[in-house]
Amino acid sequence: MKHMEHHDFNDAERSILIALSDSENGKRINEILEITGMSKPTFSRNVKRLIELGLVTKEIRANEGYPPPVYYCLTDKGRKIAKEIIKRNAINRLTLVSKLPRLSPEKRKRIEETIKMLEEL
């Protein structure tokens, strides 16, 4: 399989990856739906592809009650791609801000330096 890039994903897939990026133990579907604002069918359709790509795992935790809760977790590969997506989003936003007409030259320079630093991460 070719190397996956942040632009190889649709908005829903990116949202799921970002929603899971701050959790080591995974999240349940309702948490993810609340964070992303997507419907259950949209989530199910998109998380299925992320699971097939090896970016997300689906864990049924039988020892946590009945019915057993289902958690979705990022794999190491998924965490790496989520980090890249978050970084790209930050760079894109800063690039837009740097184009504001009333921005002082000093602030523009600081923003450009921040963008450069993010690109090197």
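Modeller: Start with strand 3: 4 of its 5 residues are buried, so the strand is largely enclosed by the rest of the structure. Keep in mind that this is a predicted model.

Biologist: What order do the strands of the sheet come in?
Modeller: The order is 1-3-2, in an open sheet of 3 strands with antiparallel pairing. Strand 1 (27-28) and strand 2 (56-60) are the edge strands, each pairing on one side only.

Biologist: How many bridges join strand 1 to strand 3?
Modeller: There are 2 bridges between strand 1 and strand 3 (residues 70-74), and these two strands run antiparallel. As for partners, R28 has its bridge partner in strand 3 at Y71.

Biologist: And over how many bridges do strand 2 and strand 3 pair?
Modeller: Strand 2 and strand 3 pair over 5 bridges, again in the antiparallel sense. I60, for instance, has V70 of strand 3 as its bridge partner.

Biologist: What holds such strands to each other in general?
Modeller: Strands of a sheet pair through backbone hydrogen bonds, in either a parallel or an antiparallel way.

Biologist: Next, R61. Where does it lie?
Modeller: R61 is in the loop between strand 2 and strand 3.

Biologist: Is R61 buried or exposed?
Modeller: R61 has 16% relative accessibility, so it counts as buried; the cut-off for buried is under 20%.

Biologist: Which residues does R61 touch?
Modeller: Leaving out residues up to four places away in sequence, R61 touches N25, P68, P69, Y71 and C73. With Y71 there is a further detail: the charged end of R61 sits over the ring of Y71, 3.7 Å from its centre.

Biologist: On to rings, then. How many aromatic pairs does a search of the whole structure find?
Modeller: The search finds 1 aromatic pair. It consists of F43 and Y72, whose ring centres are 5.1 Å apart and whose planes are at 85°, so the pair is edge-to-face.

Biologist: Which parts of the chain does the pair link?
Modeller: The pair links distant parts: F43 is in helix 3 (residues 40-52) and Y72 is in strand 3, 29 residues apart.

Biologist: Are F43 and Y72 buried or exposed?
Modeller: F43 counts as buried because its relative accessibility is 0%. Y72 is buried too, with a relative accessible area of 8%.

Biologist: Change of topic. How many residues has helix 5, and how far does it reach?
Modeller: Helix 5 (residues 105-120) has 16 residues and reaches 23 Å from its first C-alpha to its last. That is close to the 22 Å expected at 1.5 Å a residue.

Biologist: Which residues of helix 5 are buried?
Modeller: Those are I111, I115 and L118. Looking down the axis of helix 5, its buried residues fall within an arc of 65°, so they line one face of the helix.

Biologist: What do the buried residues of helix 5 pack against?
Modeller: They pack against helix 4 (76-98).

Biologist: And what does the face turned away from the buried side carry?
Modeller: On helix 5, that face carries the exposed residues P105, E106, K109, R110, K116 and E120.

Biologist: Last one: where does T95 lie, and how far is T95 from E112?
Modeller: T95 lies in helix 4. T95 and E112 are 17 residues apart in sequence and 7.7 Å apart in space, C-alpha to C-alpha. T95 counts as partly exposed, because its relative accessibility is 29%.

Definitions and conventions. Residues are numbered from 1 along each chain as its sequence is written. This is a predicted model: local features need pLDDT of at least 70, side-chain atom pairs count only at pLDDT 80 or more; totals for chains, interfaces and linings use all residues. Side-chain values use heavy atoms; hydrogens and water are left out. The expected span of a helix is 1.5 Å times one less than its number of residues. Buried means under 20% relative accessible area, exposed over 50%, partly exposed in between (1.4 Å probe, protein chains only). The arc is that of the directions from the helix axis to the C-beta atoms. Contact means heavy atoms within 4.5 Å. Two strands pair if DSSP finds at least two bridges between them. Rings of Phe, Tyr and Trp (its six-membered ring) pair if their centres lie within 6.5 Å; planes under 30 degrees apart count as stacked, over 60 as edge-to-face and the rest as tilted. A charge sits over a ring if NZ of Lys or CZ of Arg is within 6 Å of the ring centre and within 35 degrees of the ring normal.
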